[in-house]
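Please keep the sequence and the structure in view while reading.

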Amino acid sequence: MLRSVNCTSSLGSTSLFFRFFHKYPRSCSSFSSSTTAVSRNIRRLSTPEAAGRRLFTRRGFNLRSAASRSLNGQFSRFSIRAVATQPAPSYPGQDEAEKLGFEKVSEEFISECKSKAVLFKHKKTGCEVISVSNDDENKVFGIVFRTPPKDSTGIPHILEHSVLCGSRKYPLKEPFVELLKGSLHTFLNAFTYPDRTCYPVASTNTKDFYNLVDVYLDAVFFPKCVDDVHTFQQEGWHYELNDPSEDISYKGVVFNEMKENTYGVDSGGDPKDIPKLTFEEFKEFHRQYYHPSNARIWFYGDDDPVHRLRILSEYLDMFNASPARDSSKVEPQKLFSGPRRIVEKYPAGEDGDLKKKHMVCLNWLLSDKPLDLQTQLALGFLDHLMLGTPASPLRKILLESGLGEALVNSGMEDELLQPQFSIGLKGISDENVQKVEELIMNTLRKLADEGFDTDAVEASMNTIEFSLRENNTGSFPRGLSLMLQSIAKWIYDMDPFTPLKYEEPLKSLKARIAEKGSKAVFSPLIEKFILKNPHCVTIEMQPDPEKASQEEAEEKEILEKVKASMTEEDLAELSRATEELTLKQETPDPPEALKCVPSLNLSDIPKEPIYVPSEVGDINGVKVLRHDLFTNDILYTEVVFDMGSLKHELLPLIPLFCQSLLEMGTKDLTFVQLNQLIGRKTGGISVYPLTSSVWGRDDPCSKIIVRGKSMVGRAEDLFNLMNCVLQEVRFTDQQRFKQFVSQSRAGMENQLRGSGQAIAAARMEAMLNVAGWMSEQMGGLSYLEYLHTLEQKVDQDWEGISSSLEEIRRSFLSRNGCIVNMTADGKSLTNTEKFVGKFLDSLPENTSGGLVTWDARLPLRNEAIVIPTQVNYVGKAGNIYSSGYELDGSSYVISKHIGNTWLWDRVRVSGGAYGGFCDFDSHSGTFSFLSYRDPNLLKTLDIYDGTGDFLRGLDVDEDTLTKAIIGTIGDVDSYQLPDAKGYTSLLRHLLNVTDEERQIRREEILSTSLKDFKEFAEAIDSVRDKGVTVAVASQEDIDAANKERPNFFEVKKVLFIFYVRISQYKFSRIFVYLLGFKTSLV
């Protein structure tokens, strides 16, 4: 399992120019396949640079994670791909475009992304197409529709799910799932925004890419769902009644998802309003908005631009022009003449002091019209200056005030037509609500009057400029990041190329600051857009321990009235309809239908794994790993220290220790000065622990990793600052440490409600292996309980805590056992060695203590963690190595197939959960099942327990088996950027994964047979018979489970829980409602 805490020295702005990894809109498959399972092999508590970059290493390979497969032929022997290198693209001229039905509107070379971009317009329908050509092999396609909703029934969201459930050319239940099973995609998903819906795909394999494009085009234009009420019922909502004597319930994937919604409403849907949606309204929405006239299409990458238009013309020529483009237009909201205030309740746990669980957030709509590029860029910098780092003044003052626990809903949002700015605190007492509001306004006034520190401006400028030039999008395809930036203007009929061109606006902004000073640039923005802006909505949220039960009672009452209004014949018909829907959901597609989905052949797949160039050497007696890769003059480095001498009782302090290294000062520097220095000189430094089981070893891998990046010319500064962080930071600031504890506790409580599957996974791993126990102590429920105790201890024994932090430092800081990992081009690596040597010479020779034996685990038991929730998170796991299973590469194929078939069909489609998935940690032997936003509990466990029988009864044909193998190879050969390649190579080194073993596993994957599936059933049965279960669920569902199966669960109540997920959703909901939008904030 992987979780993150804020242990990074600098954070990126959310503004348009700096947001490479956008906030995810709702997606139809976020938790769909086994490859996205939460229970992972390596546990890292960090936020290394890109939030989307999650690096995991299987035995012999790494899962889909980051970003790049070959480097423009630089290491040719390591970059053999499934499809030969593309010939130089032939750009369509006007005559060629005309023949295909398009006219060229404009054409530009965008130097920032080294791409030629052409805007076309389809003459018959008016559909606009952007074709971006460059040498990026990670090709991207996206089609976007403007879909403004008129109510909160969730039509755009339900339709986003439904159009991927079969189409004219692909008339099976879910071609989307078939693509998940057997594609080499690097991205495959769909998003619902407040006013638009996006359908993007990406792949490095050209044949695979065009397969994905064709399936998506047919899905959006010719979906089966508009003629099939069953799809509407499955993805949207329906009444469910298994027997006329039972109670009626609501079911539906979107209905269940939105019960724990954290986004907002309208486009996503409100559970109170979703059942008002009719099938006729659903069909009409598709007819009105899913038309080429209302579409914007994006192509990006190294494929043939002419062929792109050829594919599109085949679809677009089938349509005539439609008025949809005009009817979908989003109009700007006029600014209010004065401020407004809203007070609402939110569901809260009964434990703890509810008087201290209030929240308040101030929100401004910044303009009644879209902003010009210069202003938008300046506002983005202002946002970063005020809130972007722990040292940013607005963020720092609020958190140090002692009035609240953590920021809520804070920062600039500019993805919609009109930008907004929000700032607030949660965990405040009722009597301090007004004080928080006054502090916010007074701080903003002071910033406007006094301006920002020169070093802060320089640090912010360097951080943002570094991020722009690095263009590190992590696991997010670069082309998709550019598409989302472009569409934020394009969707409102503005220039789609402008958001991609930052050089001139950046140059102009720097010149203005140099000429006039930062105060002259930023102070007027604070005055105009915030202090003198009448359009301010203040939202106060008050805790209500009864609200969740009241909402459940209201839903129950509605359903009772529905049942009371039905005759016996009606009830019998509803029961029959429920059975019919279930039968359809659980009946597999016939083989002839499955064959219509395009796929690759095994002959398209390379027989060898992707190799990262690696050289193992030493500097001054310390092991150094070098990765000679082109990085655009950026040095990426990791310094690894061993945690083998750490005392057990100090383990839960590790995350806070890591945060303290980056957010406390030294003898000569305040933490603000240190933070600014890191921002001015580097691209960021992070510190985090890493733990993992190691295959074939009893003792776990447990490390502290210091990770940093800088321009190669700043390498000396980078290593000097790493040394400063590690050796000179002093643990003396009691109040800041107390803030860290409060913020961490609030974050963990947030995770418990919103990501219960992660908590369940961590508990199960902690019962089954030592690495899992270590991770859970630093990031699971045990960690949350520790934080509650620590919060009191900070006041009672700060000297003891400070001493413990120093002891942690002494326990690992040593040259002995240290490893340095570096990724850059060969010349830069050589030039950097002298700075590495100086850094290493400054380290102590040995640690202060001897090696410690790690052998702890949580007791084996079935555990139910009670939280106030309307949906559940259900897990079950066991160690299949202990049952005698010996690792084989076929296990990855089988695990993926289980997730994409058995669990998808039974847990998600039939069961109504938003996700059902499994994961095999080949380092420890743990095989785990998990569900996400699940209306069921015991029913889901029964499905898990039936997996062995499913495998024994499986009869897969050659095509199905080939798809499963290819899909697994797609995970193995994940696309990675250079920094991710170097980091993955480091992880393999730490976990003893050799290239020879990777080759063996690959051969086993490629030779997987039906016999392997049947034999794996016995291993899965051991999870059924000897596995442990952990559920994060409501008291009502847990009581019902223990009534049906007496004493099945040991119940664990979490004390002092403060839930904020729902409240954040309420903030967005009310804010948008008052602004007059008929959409929601996402």
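Leu447 is a residue of helix α12, which covers residues 433-450. The model is a predicted one, and what follows should be read with that in mind.

- Leu447 has a relative accessibility of 7%, and because buried means under 20%, Leu447 counts as buried.
- Apart from neighbours within four places in sequence, the residues in contact with Leu447 are Met386, Pro393, Leu394, Phe452, Ser523 and Ile526.
- Between the C-alpha atoms of Leu447 and Glu527 the separation is 9.8 Å, although these two residues are 80 residues apart along the chain.

Two packed helices are described by the angle between their axes and the distance between the axes.

- Helix α10 (residues 373-387) and helix α13 (residues 454-470) have axes that come within 10 Å and cross at roughly 120°.
- Angles of 65 to 115 degrees count as roughly perpendicular and those over 145 as roughly antiparallel, and α10 and α13 are therefore oblique to each other.
- The crossing in which α10 passes α13 is right-handed.
- On the α10 side the contact involves Phe381, His384 and Leu385, which meet Ala456, Val457, Ser460, Met461, Thr463 and Ile464 in α13.
- Sorted by class, the residues in this contact of α10 with α13 are six nonpolar and three polar, with no charged residues.

**Helices α20 and α27**

- Helix α20 (residues 654-663) packs with helix α27 (residues 798-812) at an angle of about 90°, and their axes are 10 Å apart.
- With that angle, α20 and α27 are therefore roughly perpendicular to each other.
- Ile654, Phe657 and Leu661 of α20 make the contact together with Leu805, Ile808, Arg809 and Phe812 of α27.
- By class, the contact of α20 with α27 comprises six nonpolar residues and one charged residue, and no polar residues.

**The chain as a whole**

- How many helices and strands does the chain have? There are 37 helices and 32 strands in the chain.
- The chain has 1082 residues, of which 67% count as buried.
- When contacts in the chain between residues at least 6 apart in sequence are considered, 83% of them join residues at least 24 apart.
- The accessible surface of the chain amounts to about 36800 Å², and carbon and sulfur atoms account for 48% of that surface.

Terms used
Residues are numbered from 1 along each chain as its sequence is written. This is a predicted model: local features need pLDDT of at least 70, side-chain atom pairs count only at pLDDT 80 or more; totals for chains, interfaces and linings use all residues. Side-chain values use heavy atoms; hydrogens and water are left out. Helices (H or I, at least four residues) and strands (E, at least two) are DSSP runs, numbered from the N terminus. Buried means under 20% relative accessible area, exposed over 50%, partly exposed in between (1.4 Å probe, protein chains only). Contact means heavy atoms within 4.5 Å. Accessible areas come from the Shrake-Rupley method with a 1.4 Å probe; for residues, only the protein chains shown count as cover. Axes are lines fitted to C-alpha atoms, for helices over the stretch in contact, and angles run from 0 to 180 degrees between N-to-C directions. Angles under 35 degrees count as roughly parallel, over 145 as roughly antiparallel, 65 to 115 as roughly perpendicular and the rest as oblique. A crossing is left-handed if the near helix is turned anticlockwise from the far one by less than a right angle, and right-handed if clockwise. Ala, Val, Leu, Ile, Met, Phe, Trp, Tyr, Cys and Pro count as nonpolar, Asp, Glu, Lys and Arg as charged, and the others, Gly among them, as polar.
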